[in-house]
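This report describes the fold, the sheet, the core and the metal site of one protein. Please read it alongside the sequence and the structure shown here.

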Amino acid sequence: MKIPGVEYRTLCRYCNLGSELLIAEEDDFTVYAYDEPFNNGHIVIVPRRHVSLSELSVNELYRALRLVRKAEAVLRNTYHPHGLNIGLVAYPHVAFHVVPRWGGDVSFIKVFFNAKPIPETPIQYAERLRKAWGS
Ligand SMILES: [Zn+2]
């Protein structure tokens, strides 16, 4: 249920990712470096419209998965991870997270301090992935 008078779009993290994190714009979707990355290279793919998973058309779902597949190729070529995780946020704004994984990447620092050292900032890796995405 939505509360009348509340502008949900202004509260939505996916509607408010900065242009400095932009990797690519394709069809009705935007590809960003995530501002709170789990790992270096963490990408999020979101529709420009503030919609949930069930509000995407089948055609949009297909296009989203094509972008997820492109993200896999770009991340594999750029970072050579041991694996990739795909995470899906369904509501209120559907978002496909693509996270490179390396063996042992959950360190004691994460466990004890809930923090994780990452070699590049999201702005730095957005620039690197923007180039890789376009090539
Ligand atoms: Zn949104």
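A residue is called buried when its relative accessible area is under 20%, exposed when that value is over 50%, and partly exposed in between, with a 1.4 Å probe and protein chains only. Helices (H or I, at least four residues) and strands (E, at least two) are DSSP runs, numbered from the N terminus. The model is predicted, with local features requiring pLDDT of at least 70 and side-chain atom pairs counted only at pLDDT 80 or more, while totals for chains, interfaces and linings use all residues. Residues are numbered from 1 along each chain as its sequence is written, and side-chain values use heavy atoms, with hydrogens and water left out.

**Overall fold**

The protein contains 4 helices and 5 strands, and from the N terminus on these elements follow the order α-β-β-β-α-β-β-α-α. Of its 135 residues, 39% are buried. Contact means heavy atoms within 4.5 Å. Among contacts with a separation of 6 or more, 58% are between residues 24 or more positions apart.

**The sheet**

Two strands are said to pair if DSSP finds at least two bridges between them. The 5 strands make an open sheet, ordered β1-β2-β3-β5-β4, with antiparallel pairing. Because β1 and β4 (83-89) each have a single partner strand, they stand at the edges, and one side of each lacks a neighbour in the sheet. Neighbouring strands are turned by 15 degrees against each other on average, direction ignored; axes here are lines fitted to C-alpha atoms, for helices over the stretch in contact, and angles run from 0 to 180 degrees between N-to-C directions.

| Strand pair | Bridges | Example of facing residues |
|---|---|---|
| β1 (residues 22-26) and β2 | 4 bridges | Leu-22 and Tyr-32 |
| β2 and β3 (residues 43-47) | 5 bridges | Val-31 and Ile-45 |
| β3 and β5 | 3 bridges | Ile-43 and Val-98 |

Strand β2 (residues 29-33) is mostly covered, with 5 of its 5 residues buried. Phe-29, Val-31 and Ala-33 point one way from β2, whereas Thr-30 and Tyr-32 point the other way. Strand β3 is likewise mostly covered, with 5 of its 5 residues buried. On one side of β3 lie Ile-43, Ile-45 and Pro-47, and on the other Val-44 and Val-46.

**Helices and the nonpolar core**

Helix α2 lies across β1, β2, β3, β4 and β5, and runs at about 20 degrees to β5. Helix α4 also packs on the sheet, where it touches β1, β2 and β3, and its direction makes about 40 degrees with that of β1.

A nonpolar core is a set of buried Ala, Val, Leu, Ile, Met, Phe, Trp, Tyr and Cys residues joined through side-chain atoms within 4.5 Å. The largest such core has 32 residues, of which Tyr-14, Ile-23, Ile-43, Val-44, Ile-45, Leu-129 and Trp-133 touch the most other members. At least two residues of this core come from each of β1, β2, β3, α2, β5 (95-101) and α4 (122-134). The most are given by α2, with 7 residues.

Neighbours within four places in sequence aside, the contacts of Val-44 include Tyr-14, Leu-17, Val-31, Tyr-32 and Phe-96.

**The zinc site**

Donors are N, O and S atoms within 2.8 Å of the metal (3.2 Å for Na, K and Ca); water is not among the atoms, so sites may look incomplete. The zinc ion has as protein donors Cys-12 (SG), Cys-15 (SG), His-50 (ND1) and His-93 (ND1), at 2.0 to 2.3 Å. Their spacing in sequence is C-x2-C-x34-H-x42-H. Cys-15 lies in the loop between α1 (8-11) and β1, and His-50 in the loop between β3 and α2 (58-79), so this pair ties together parts 35 residues apart in sequence.

Why is the arrangement around the zinc ion tetrahedral? The 4 donor atoms subtend angles of 101 to 117 degrees, and four donors count as tetrahedral if all angles lie between 85 and 135 degrees. For four tetrahedral donors the ideal angle is 109.5 degrees. Cys-15 counts as partly exposed because its relative accessibility is 24%.

How values were computed. Four donors count as tetrahedral if all angles lie between 85 and 135 degrees; four count as square planar and six as octahedral if opposite donors are over 155 degrees apart and all others between 65 and 115; anything else is irregular.
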